[in-house]
Amino acid sequence: MSTGQLLSIEPQELQFPFELRKQISCSLNLSNKTDNYVAFKVKTTNPKKYCVRPNTGVVLPRSTCNVVVTMQAQKEAPTDMQCKDKFLLQSVVASPGATPKDIMAEMFNKESGHNVEECKLRVVYVAPPRPPSPVREGSEEGSSPRASVSDNGSFNAAELTSVSRAHVERHETQDNSYDARTLISKLTEEKNSAIQQNSKLQQELELLRREAKRNQSGIPFIYVFLVGLIGIILGYLLKRT
């Protein structure tokens with residue numbers, strides 16, 4: 001805190017949590033410890049970069065006033081996060097009952113014989129605060145197990161690895177079991193289908209043989225041979241499954 005004869009100013013430097021492409025504000029608290037009306041004016045070396053509200057005003061006796069300084073959004077970060085901008089706060093005793101409308105530039109002119117008190121303030125860039133990382137606490141029924149959290153909030157690496165491995169192995173076992181059941185079901189259907197087709201062919205072959213015995217002309221040998229060959233092939237396939 002800077003304690004002058006007229007105004008006490010807090011803080012002594014303007015701290016901006018710097019972030020690209022974002023307007024950032026900080027406040028100055030002006031305290032009048034005297035019984036006089038005190039007029040003030042805020043100047044800066046870079047007026048296009050900053051907006052000061054109010055930049056002029058009157059602090060009533062034994063009262064305070066808040067000044068908000070807003071830095072416009074910046075497109076580039078400064079080198080080494082250093083800032084050379086400066087602010088100058090001037091204060092002078094005003095006439096009793098004075099209002100901001102009564103403030104004139106001539107009041108802050110030292111050459112005119114006015115007793116002007118000045119306080120220089122520098123600009124400092126600080127890192128923006130980081131939001132706390134969310135930590136999921138406890139466990140829910142039916143959910144996968146979670147790794148424990150130590151007293152300082154960090155995860156136990158060994159437990160996390162063990163939990164992850166168990167989770168993966170469980171899912172792999174379920175997937176393998178499902179694939180095996182699907183394959184067995186498919187093979188069973190193919191086997192039953194082959195058995196039905198083989199039984200049907202055998203019945204047709206038996207009917208052909210009986211028909212051939214009743215028919216003197218008989219059935220061509222090649223037809224009987226082909227039917228028998230097909231039956232043998234199906235039987236071979238059935239044994240392989």
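Is Phe18 buried or exposed, and what is its relative accessible area? In this predicted model, Phe18 is buried, with a relative accessible area of 7%. The views below cover the cores and the aromatic pairs.

**View 1. The largest nonpolar core has 27 residues.** Phe16, Leu30, Phe40, Tyr50 and Phe87 touch the most other members of this core. At least two core residues come from each of strand 2 (7-10), strand 3 (13-17), strand 4 (24-32), strand 5 (37-44), strand 6 (50-53), strand 8 (64-71), strand 9 (86-94) and strand 10 (117-126). Another core, of 8 residues, lies apart from the largest one and includes Val58, Val92, Ala98 and Met107.

**View 2. Surroundings of Leu30.** Beyond its neighbours within four places in sequence, Leu30 has contacts with Leu7, Ser8, Ile9, Phe40, Val59, Ser63, Thr64, Cys65, Val67 and Leu89.

**View 3. Phe16 and Tyr50, one of 3 aromatic pairs in the structure.** The rings of Phe16 and Tyr50 are tilted, with 5.9 Å centre to centre and 40 degrees between the planes. Phe16 belongs to strand 3 and Tyr50 to strand 6, 34 residues apart. Phe16 counts as buried because its relative accessibility is 0%; Tyr50 is also buried, with a relative accessible area of 6%. Ring pairs join Phe16, Tyr50 and Phe87 in a cluster.

**View 4. Phe18 and Tyr125 form a tilted aromatic pair.** Phe18 sits in the loop between strand 3 and strand 4, whereas Tyr125 is in strand 10, 107 residues apart. Tyr125 has 9% relative accessibility and therefore counts as buried.

Key: Residues are numbered from 1 along each chain as its sequence is written. This is a predicted model: local features need pLDDT of at least 70, side-chain atom pairs count only at pLDDT 80 or more; totals for chains, interfaces and linings use all residues. Side-chain values use heavy atoms; hydrogens and water are left out. A nonpolar core is a set of buried Ala, Val, Leu, Ile, Met, Phe, Trp, Tyr and Cys residues joined through side-chain atoms within 4.5 Å. Buried means under 20% relative accessible area, exposed over 50%, partly exposed in between (1.4 Å probe, protein chains only). Helices (H or I, at least four residues) and strands (E, at least two) are DSSP runs, numbered from the N terminus. Contact means heavy atoms within 4.5 Å. Rings of Phe, Tyr and Trp (its six-membered ring) pair if their centres lie within 6.5 Å; planes under 30 degrees apart count as stacked, over 60 as edge-to-face and the rest as tilted.
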